[in-house]
Amino acid sequence: MPKVKFDREEIINTTFELLKNDGIRGISARNIAKKMKSSTAPIYAHFENIAVLKKEVINMAKDVLVNYLERMYTDRKMLNTAMGVVIFAREQKELYRSIFLIDADFKSIFERAVLKILETSRDDERFEHFDRNETMNIILKIWYYLHGYATLVCTEFIKNPTDEEIKNKILEVATIFISDALDKKLTAIY
């Protein structure tokens, strides 16, 4: 019987499926080989080590996240981005854990998400009274809430909120932070 060969792409896709189902801790040469019904040799023929392969699939997970951040859930760009984080946590639990709760490179995706939200704030009339630094402070507060909320959804402390419930929670909190910042700005003027 001829030896079955696996290419790099097949190994990455198999590993990504493991990541989606079992999380980053489920990725090992043995688990990948078992899923592929192979030995570990093809893995090490294409990758220097498992860490390199994990980095590849984490980047794929980040691409999936970006897709969620760019979807149109409402007619408000900023709200869409915020909802995308929570919906990603609800629908892609292991990917969310791997990116936001386990991956050491969390900082880069955090910065990417916050900058995306900052970029979309320019189209939101509620931010017209704030300069860039003030807007960034509001967005960071919203992000801290959003990350906590998404984590609670991911860990099923909050079980399967609907898109409408997610939207309403985000709007409620964003309104509080924006109103608070506006009150402080007006108080400082007077």
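Predicted model: local features only at pLDDT ≥ 70, side-chain atom pairs only at ≥ 80, totals over all residues.

Analyst: The largest cavity is lined by Met78, Leu79, Ala82, Ile117, Arg126, Phe127, Ile142, Leu146, Ile170, Leu171, Ala174 and Ile178. Two or more lining residues come from each of helix H5 (77–91), helix H8 (132–154) and helix H9 (163–189). H9 gives the most, with 4 residues.

User: What makes a space a cavity rather than a pocket?

Analyst: A cavity is a place where a 1.4 Å probe fits but cannot get out, whereas a pocket is open. The volume of the largest cavity is about 100 Å³.

User: How many of the residues lining the largest cavity are nonpolar, and how many are charged?

Analyst: The lining has 11 nonpolar residues, 1 charged residue and no polar ones. Arg counts as charged, and Arg126 is on the lining list. Ile, Leu, Met, Phe and Ala count as nonpolar, and the list includes Ile117, Leu146, Met78, Phe127 and Ala174.

User: Which residues of H6 and H8 meet?

Analyst: From H6 you have Lys93, Tyr96, Arg97, Phe100 and Leu101, and they meet Trp143, His147, Ala150, Thr151, Val153 and Cys154 in H8. By class, that contact has 7 nonpolar, 2 polar and 2 charged residues.

User: And how do you know that H1 is roughly perpendicular to H4?

Analyst: Again, look at the angle. Helix H1 (residues 8–22) and helix H4 (residues 50–69) cross at roughly 65 degrees, with axes that come within 9 Å. The roughly perpendicular class runs from 65 to 115, and that makes H1 roughly perpendicular to H4. This crossing is right-handed.

User: What makes up the contact of H1 with H4?

Analyst: In H1, the residues are Arg8, Ile11, Ile12, Asn13, Thr15, Phe16 and Leu19. They meet Leu53, Glu56, Val57, Met60, Ala61 and Val64 in H4. Sorted by class, the contact holds 9 nonpolar, 2 polar and 2 charged residues. Arg and Glu count as charged, and Arg8 and Glu56 are both in this contact.

Notes. Residues numbered from 1 in each chain as written. Heavy atoms only, no water. 1 Å grid on protein atoms, 1.4 Å probe; cavity = no way out; pocket = protein on both sides within 12 Å on 5 of 7 lines; lining within 4 Å. Points joined across faces, edges and corners; volume = space filled by probe spheres on them. Contact = heavy atoms within 4.5 Å. Axes fitted to C-alpha atoms, helices over the stretch in contact; angles between N-to-C directions. Parallel < 35°, antiparallel > 145°, perpendicular 65-115°, else oblique. Left-handed = near helix turned anticlockwise from the far one by under 90°.
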